[in-house]
Every structure is written in structure tokens, then in C-alpha cells.
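This report covers selected features of one protein structure. The sequence and coordinates are shown below for reference.

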Amino acid sequence: MLLLVACTPDEPVLFAPSQIDFGVVPVGQVVESGLSVQSPFQEREIGLVITPASAPFSLPGGPTMLLPQDQWVSLTVELSGDEPGLVTALLAIEDGDDVSTLEIRATLTRDEEDRDRDGYPADDDCDDTDAASHPDALEACDGLDNDCDGDVDEDFDADDDGAPAGAGCDDVWPAEQLDCDDDDDAVFPGADEVCNGIDDDCEGGVDEGFDADGDGVASCLECDDTDPAVFPGASEVCNQTDDDCDGEVDEGFDADGDGFPACSDCDDSDPTVVPDSAEVCNGEDDDCDGLIDEDFDADEDGFPDGNEVLCGLNLDPDEVDCNDLEPDAWPGNPEVCDGIDNDCDGVLDSDEQADDDSDLFLACADCDDTDGATFPGAPELCDGLDNDCDGAVPASESEDVDADGVSACFDCDDGDPVRTPGAPELCDGIDNDCNGTIPPAETTDGDADGTVACADCDDADATRFPGATEECNGLDDDCNGVVPFAETLDVDADGSAACEDCNDNDAARFPGNPEICDGIDNDCDGAVGADETLDGDGDGSPECVDCDDADNTVFPGALELCNGLDEDCDGAVPANETTDGDGDGFVGCADCDDADANAFDANPEVCDGVDNDCDGLVPVNETADGDFDGSVSCADCDDADSSRFPGATEACDGVDNDCDFTLPAGETADVDGDGFVLCADCDDDDPVRFPGNPEVCDGLDNDCDGGIPSIETADNDGDGSPFCADCDDADATRTPGAPELCDFIDNDCDGVLGGPESTDADGDGSVQCEDCDDSNPVVSPAATETCDTVDNNCDGNIDEGACTGCSQATYDGHSYQFCSGSVFWTSASASCQGLGYELVTIEDGLENEFLRLTIGNTGDWWIGYNDRGFGNEGNFVWDAGNGSGYENWASGEPNNSFGEDCAVIRDGSGEWNDTECFGTEPYICEFPN
């Protein structure tokens with residue numbers, strides 16, 4: 001077993017001062033005084049006892065006190081006596097077996113005029129309880145106004161800066177409040193440290209916070225406090241920097257005397273080669289930018305333009321570019337399938353020029369340049385071909401698992417040979433022909449007889465289905481495909497089967513047949529009608545068929561005359577004997593054409609192809625058609641021209657084709673003045689569109705051939721610009737008018753890169769569009785973060801992990817440094833300022849909660865709130881000089897107990913407490929504050 005034992009350091013309780021002296025106090029007056037108590041190393045509870053118990057001293061806080069670890073706590077003692085005279089007592093501080101004591105004393109008096117008996121009445125004495133304080137007393141350095149002139153220790157503050165110095169002061173004043181130079185009013189504890197070679201804040205250090213690069217030299221004494229290698233006396237090296245701060249840069253490193261040292265001169269043996277020299281096309285880097293002849297290499301492919309005079313004079317043919325606007329064309333470049341002379345040999349391979357199937361893929365890239373449906377990326381068709389040029393035909397285009405003669409890609413079920421496109425539908429409830437549907441006849445039962453339509457011989461008749469009983473109805477009731485012979489035998493073809501016909505050899509006799517006038521039992525009821533045997537007028541027609549059996553000229557079959565009578569007994573007088581169909585005054589039987597009012601006896605002939613005068617003849621010009629255009633001579637405006645006749649469609653030929661004696665405006669007007677009349681022009685409002693006009697890249701049918709070239713409509717990258725206008729139709733980020741992106745590509749197709757993609761104003765290697773501050777060479781995405789209140793690495797955070805001893809966090813756009821080293825409040829303030837920060841100013845509850853969560857359970861932390869300075873007690877201000885008025889004091893705080901002038905934020909609760917500024921705590925810095 002491992003036993004853990006808490007060992008308590010044997011360290012006594014500390015307290016100050018060593019004596020409590022109330023001085024002279026009037027009888028009956030209640031006065032308080034006190035001391036500070038501290039428990040080093042651990043929290044402990046102490047007991048407090050005043051002896052004798054009769055002494056007029058008491059402890060308002062009670063007989064015990066809990067001391068937190070390593071913090072000074074104020075202990076109050078109260079005096080209230082009724083009897084005059086000197087009173088003394090002992091205060092015992094009990095800590096277990098250890099007891100410490102100190103004396104308490106006071107002088108009680110009833111004399112109201114001069115209670116301290118220093119010879120000065122109370123009205124003239126600034127402290128009539130202290131005999132050492134009166135108008136003629138000598139000022140001592142004790143924190144009191146001894147000479148009653150209204151000033152404290154003024155004889156020990158020669159420079160009037162509020163901080164004393166001199167003999168005896170260090171017995172009363174804390175060391176951190178004494179003046180380290182009493183001849184300079186700008187030097188005192190709490191003063192702002194400035195860079196001047198002086199300890200301004202009396203903390204023992206000179207110009208602390210002004211050596212950002214940590215090279216031991218303050219910023220005011222050196223030329224670059226961001227670089228620890230730069231300070232007076234440093235060795236000069238060739239780095240474009242004044243390393244030794246003598247006002248000269250890289251002295252001693254310019255061998256060719258051209259004004260540029262070797263570290264910035266790419267050839268320090270040639271004075272004509274310098275960074276600001278003009279580049280000449282000569283195969284050399286004249287301007288030291290790391291590039292050769294770059295001003296003569298527009299496409300940046302490493303080969304200068306062969307058309308430039310100097311390039312042609314100074315360089316060999318294989319060192320210059322045949323096309324300086326095409327980065328993929330330069331001497332020795334391997335030829336690729338892109339339609340460009342890549343190797344600058346002056347020859348373009350034939351398969352880089354051809355696109356025989358017009359599918360927008362060159363022959364060298366197309367696996368079949370004779371088939372417009374075959375090209376890289378084309379959709380696979382079920383045709384047994386490699387449509388997408390991937391070198392393979394999908395298996396589904398060749399396999400036929402069910403051996404039905406149809407490949408899998410066309411077959412709706414390649415495992416069933418009765419299911420294939422075009423197969424006959426069977427009455428099996430399956431989609432046999434692969435058309436995606438099952439015929440309704442295989443699923444419906446229209447007559448609800450229990451048999452689906454395709455198996456039912458009559459799905460509208462519930463009495464007919466397979467297995468039904470046969471009836472004498474001439475139907476296949478049992479759906480066996482056969483109607484019984486007796487139901488179908490009809491010898492006399494009268495529509496009645498033998499099984500129900502009274503005489504199946506006589507078509508005029510069958511059940512239900514109406515009786516007719518023939519002397520036979522037609523309806524098979526067993527009787528013949530009487531009117532079928534009588535003939536009153538002897539014309540051979542019995543009474544039942546003779547419409548007038550008293551007139552032997554009237555009988556069925558008699559000849560009709562044009563007299564308005566029904567001679568043939570058909571029940572009607574012929575219409576042509578009573579009607580005048582065309583209203584020309586002649587009934588039909590007397591009119592040669594009773595449907596034409598222009599045809600009747602003696603009517604004049606007109607050009608209508610009709611015998612108008614009923615003479616039996618039509619004039620020749622009403623029937624002749626000399627040009628065979630379908631219009632007779634009398635109606636044709638030109639019977640020798642088959643394109644001209646009434647009703648003909650007007651052609652765009654300047655001729656009256658429809659014989660209306662006018663020409664359409666479209667055959668004469670030319671609105672856009674392009675030389676083509678309206679009817680011949682595909683757009684007579686646009687002068688750039690007419691037959692034969694050359695096509696341009698405008699998305700219009702310029703030559704009026706009915707089509708727009710594919711390069712004017714194709715937009716392979718979907719960026720809204722057609723192939724003919726797009727500098728790269730495979731990249732949607734490159735199109736005329738597109739915004740330039742930070743991608744080192746000509747996005748807007750103007751032939752140049754945008755300024756932010758090519759500009760590096762601060763020379764840090766990061767161009768403007770990727771650099772968050774292109775005016776500062778220490779700021780770029782590749783930079784290392786340093787503790788300088790700047791986002792050096794462009795990640796959106798400031799000083800993360802760069803400030804020694806501190807951890808960084810960000811809230812609401814502000815950067816915070818949580819510095820764990822415990823220091824005085826004034827040291828914390830100076831340290832923050834040395835980093836370019838300020839002690840934190842808390843603006844609201846949200847910021848306070850952020851700080852509380854960040855410090856966790858790590859004790860109290862200094863914040864910038866304080867009421868330091870003479871006359872400021874209770875008037876708390878922020879060290880940075882700003883603030884919103886927000887406060888979050890703990891209950892009972894601030895209480896200014898024992899001179900508590902500086903605030904901390906407590907862990908756990910996040911509440912504030914005022915405490916002594918000379919205590920040591922970790923601290924929080926903020927930027928911007």
C-alpha cells in the first residue's frame with residue numbers, strides 16, 4: 001500500500017507591523033487599527049486572544065481567522081475606553097502549538113483642547129492624537145503630515161513626483177514605493193518606462209520592454225529592434241541589412257563597384273549586371289531577378305520570342321520560341337495532341353488538324369474519327385461499339401445469357417428467353433415484349449366471370465368463359481374455339497341457326513322475321529297474312545305490296561316519271577321531281593345540274609368547268625390546262641408557266657405566282673440593306689446575316705444556312721462563354737470577364753495575369769492576393785509567428801504561441817496573452833506594454849466569462865483595474881485608459897483593506913477583488929485594448 005502524507009512546512013505566521021499604537025484617543029471614542037497577517041505555503045486557521053480581557057480592545061472579526069495560502073490578510077483591532085490614561089494589552093496569535101504576541105497600546109484622555117499635549121490646541125493641530133504632529137514639527141519620512149502643512153513626507157520628495165526617498169523612508173514605505181532618483185520627477189515607482197537608458201519605474205531594470213528582439217540593446221539605441229542580429233557593434237554581413245547600425249548597408253561586399261553588394265548582385269564580377277538593369281535578349285540574367293530574357297518571353301515557357309531582333313541576333317534558332325504567345329510551344333517540347341506545333345519544327349501532324357466526324361475531338365484524340373457518336377467521354381450506346389473511347393465495349397452490349405438473340409443492354413430480362421424486345425405478348429401476366437408494361441388483358445376481368453380478358457373468349461359476357469355450358473345462341477359459350485354445328489349451321493343464310501329456324505332451307509323464314517308480302521310464314525309463327533293473297537287492280541302485285549291497288553300503273557317496280565307521283569310504290573316521290581336544289585327555278589329531274597345554280601337551260605357559260613347552259617358541252621378553255629399546273633386556261637394568269645396559277649404559293653422570285661396581280665413586300669424590301677430581299681434573308685433586320693456571309697463568333701446564323709457552328713454554341717466548361725470566345729473551354733474559371741482568382745491563371749482571358757497574382761510589394765515571396773499584408777515583409781502565409789502584435793503567418797490569429805511564458809487566445813477580434821509568471825501589478829503592466837499589449841480591460845460580462853473559462857482553476861490573475869496614486873482612492877480606472885464602465889466585484893469588494901489598490905479576477909467565480917499591488921500574481925495582456 002502506498003501512503004500519501006501531507007507534510008506542512010514548519011513556517012510561522014507572518015504579521016506587520018510588530019506593534020499597534022492607537023496614540024491619544026478621547027474617552028468614549030471608537031477607533032480601529034490593524035495589521036496584516038500572512039500564512040506561507042499553506043492555508044491555516046489561527047486563534048486570536050487579547051489579554052487582559054478587561055483591556056478596552058476587541059476583535060470585530062471574532063477570535064479565529066482563516067488565512068489563505070501565501071496571501072496578506074487584514075486583521076482589525078477596535079479601541080473603545082471610558083477611563084483616561086495609558087492602556088496596554090497583548091494580542092496573542094495562536095497557530096497550533098506556536099504562539100506569537102505583539103503589544104497594543106493607547107492613551108485615553110478627556111482633554112478636548114490638546115489631547116496629545118504637544119502644545120497645540122486641536123483647532124491648530126492637524127492630528128491632535130499624535131504629539132509628534134504639529135505645525136512646528138520636523139517632517140519625518142513616515143507616511144504622515146508631521147508639520148501640518150497638508151503634505152506628507154514632502155521634505156523627502158525633492159522632485160515632487162509623489163514618491164519619497166531618503167533616510168528613514170525605507171522603515172515605513174514599501175521598497176517598491178520609494179523613489180530611486182529623487183532628482184528627476186519623471187522617475188518614480190509606477191512611472192511609464194520609456195526607452196532612454198534610465199530606470200523610469202524604479203523596478204531595478206533599465207528600458208525593460210524596449211528590447212523586442214532580445215539582443216540586449218534597447219530599441220532607442222539600435223537601428224532595428226525586430227532583428228536580434230542587428231545592433232551597434234555587430235559584424236556586418238551581406239544581407240541587405242545595416243547589421244552594425246553604422247548607417248551603411250553591406251559595406252565591403254561590392255567587388256565590381258556597381259553599387260550592389262554580392263548578396264543582391266547575381267554577378268558581382270560584371271558591373272553591367274545589377275538588379276535595376278534593363279533585361280537584354282542575350283541568354284543572360286541582366287537584371288538579377290533569377291530569370292533569363294523574361295521581358296522577351298510572353299508565354300513564360302523559358303524561350304524568348306524568336307521574332308524579337310536581339311533574340312534572333314544573340315541566340316541560336318533552337319534557343320528561341322516559334323510562338324511566344326503559346327506556353328506549350330518551344331524547341332524540343334514533345335508533340336502532344338493539342339493542335340499546336342509543340343516542338344517548333346514548323347510542322348503540325350495531320351491528325352492534330354483533322355476532325356472528320358465534327359465531334360470537336362481531333363483525330364489524334366478520337367478512337368474513331370469517322371463516327372460523330374464516338375469520342376472520349378461520349379455516352380456508351382447499346383450498339384456493340386466503344387463509344388467513349390476507353391478501349392472496351394461494355395459486356396452488356398455483347399452477352400446474351402438467355403440466348404434469345406438480344407444482348408443484355410436491350411433485354412429487359414436476360415435470364416428469360418420469352419422476354420425480349422418485340423416478342424409476342426403471352427397471356428401469362430409478364431411483360432414479354434419488354435415495352436415496360438403488361439397488357440391490361442393479362443390482368444383485367446371485364447365481365448367478372450373469374451377469367452382474365454386474354455384467356456376469356458368474350459370478356460364483356462359473363463356467360464362465356466372456358467368450361468361454360470353451351471346455349472343455342474350461336475356463341476362459343478365454353479370458349480373451346482368451336483360453336484356447336486347446330487348453332488352455326490344456317491343453310492338459308494337468314495341469320496337464324498338450324499337449332500331455332502322453322503325452315504333452314506328458306507332464308508325468308510326464321511323466328512322474329514317480319515312478315516312480308518310473299519305468301520309464306522316468314523316469322524315461323526305457323527300462319528300467312530291475308531293481304532299476301534289479294535290483288536285488287538290486277539297489276540300482278542298483291543294488296544300488301546301495292547301502294548295503290550286500284551291503279552294498275554302504280555305498283556312496286558313501276559317506272560318513275562317526272563310528274564311528282566310515287567309510281568314505284570317505294571313510299572316516296574323522287575326528290576328530283578319536287579325539289580329545286582340550286583334554286584334556279586328548275587326541279588332536279590328537269591335540271592342538268594340541280595346542285596349548281598349556274599347550270600340550267602339557256603344560262604350563259606362562265607369559266608367554271610361546268611355546262612352552265614345545259615347544252616351538254618363545256619367550253620374548251622374551261623377544261624384545257626396548257627402548263628399542267630392544275631388551273632384551266634380561262635382562270636390561269638399565265639397558262640404557259642406551271643409556277644403561276646391562282647392559289648399558288650408565292651416564291652421568292654419577283655413574279656406574281658398566285659395570280660393576284662400583286663407582288664408580296666417580302667420580294668421587294670431589303671430592310672437591313674445587305675443586298676438580300678426580306679424573303680431571301682434569314683434576318684432582314686440584321687445586316688450581318690444573309691446567305692453566303694462568313695460565320696463569326698457571335699452565336700448567330702450569319703450565312704443563313706439554318707445552322708450555327710458548334711464552336712459558337714458549345715460551352716464544354718459551362719461558364720457561359722462559347723468555345724470560340726473562351727481562352728480555355730475546359731476550365732470554367734477562365735472566361736472573358738471572369739474575376740481574376742489567386743490561382744496564377746489568366747481567368748478573364750485578357751492575356752495577362754491580374755496584378756495581385758504577380759505583385760509582391762514587400763518582397764517576402766508571397767504575392768499580393770495570398771499575402772494578408774503585402775506592405776510588410778515579415779507577414780506572409782509562410783512566415784513564423786513572432787510576439788509583435790501582428791498576424792505574421794496570416795492565419796487570422798495574433799502572436800499565437802510566440803510570447804515566451806505566455807499562452808495566446810483570441811476573443812471578439814482581440815488577442816490575449818495569459819502570462820503565468822507571478823509578478824507585482826506594476827511589473828505585469830510593464831511586461832504587457834513591452835509586448836505591445838496592455839493589462840486587460842474587461843468591457844462586458846461576455847468578455848469576463850471568456851477570461852474566467854480560460855484561466856480555469858489557477859488562482860487569481862492581475863487585470864488592468866486600479867485606484868493607484870495619490871487622491872485616487874475609490875476611483876478605479878483601467879491601466880489602458882479606456883473601458884465601458886462594466887464591473888464585476890465580489891460581494892463586499894472593493895474594500896481597500898490595508899491599501900488594496902489593484903484588481904484581480906478570481907478563478908472559479910470570475911469575480912473581482914482589490915488587493916495589494918505589491919503582491920505577486922500571474923497576469924492577462926490584451927491587444928488591441
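This is a predicted model: local features need pLDDT of at least 70, side-chain atom pairs count only at pLDDT 80 or more; totals for chains, interfaces and linings use all residues.

## Five-stranded sheet

An open sheet is built from five strands, ordered β2-β9-β8-β4-β6, with mixed pairing. The edge positions are taken by β2 (19-26) and β6 (64-67); each has a single partner strand, so one side of each is left without a neighbour in the sheet. On average, neighbouring strands of this sheet are turned by 25° against each other, direction ignored.

Within the sheet, β8 (residues 85-95) pairs with β9 (residues 98-109) in the antiparallel sense, over 11 bridges. Leu90 has Glu103 of β9 as its bridge partner. In general, strands of a sheet pair through backbone hydrogen bonds, either parallel or antiparallel.

## Second largest pocket

The second largest pocket holds about 570 Å³ of space. Its lining comprises 24 residues, and those closest to the pocket centre are Asp70, Gln71, Trp72, Thr915 and Glu921. Two or more lining residues come from each of β7 (72-79) and β16 (912-915).

Sorted by class, the lining of this pocket consists of six nonpolar, 10 polar and eight charged residues.

## Ser36

Ser36 belongs to strand β3 (residues 31-38). Its relative accessibility is 2%, and Ser36 therefore counts as buried, the cut-off being under 20%.

Leaving aside residues up to four places away in sequence, Ser36 touches Leu14, Phe15, Ala16, Trp72, Val73, Ser74 and Phe898. One of these contacts, Trp72, is also among the residues closest to the centre of the second largest pocket.

Technical notes: Residues are numbered from 1 along each chain as its sequence is written. Side-chain values use heavy atoms; hydrogens and water are left out. Two strands pair if DSSP finds at least two bridges between them. Helices (H or I, at least four residues) and strands (E, at least two) are DSSP runs, numbered from the N terminus. Axes are lines fitted to C-alpha atoms, for helices over the stretch in contact, and angles run from 0 to 180 degrees between N-to-C directions. On a 1 Å grid over the protein atoms alone, a cavity is a set of points where a 1.4 Å probe fits but cannot get out, and a pocket is an open set with protein on both sides within 12 Å along at least five of seven lines; lining residues have an atom within 4 Å of a point. Grid points are joined across faces, edges and corners, and a volume is the space filled by probe spheres set on the points. Ala, Val, Leu, Ile, Met, Phe, Trp, Tyr, Cys and Pro count as nonpolar, Asp, Glu, Lys and Arg as charged, and the others, Gly among them, as polar. Buried means under 20% relative accessible area, exposed over 50%, partly exposed in between (1.4 Å probe, protein chains only). Contact means heavy atoms within 4.5 Å.
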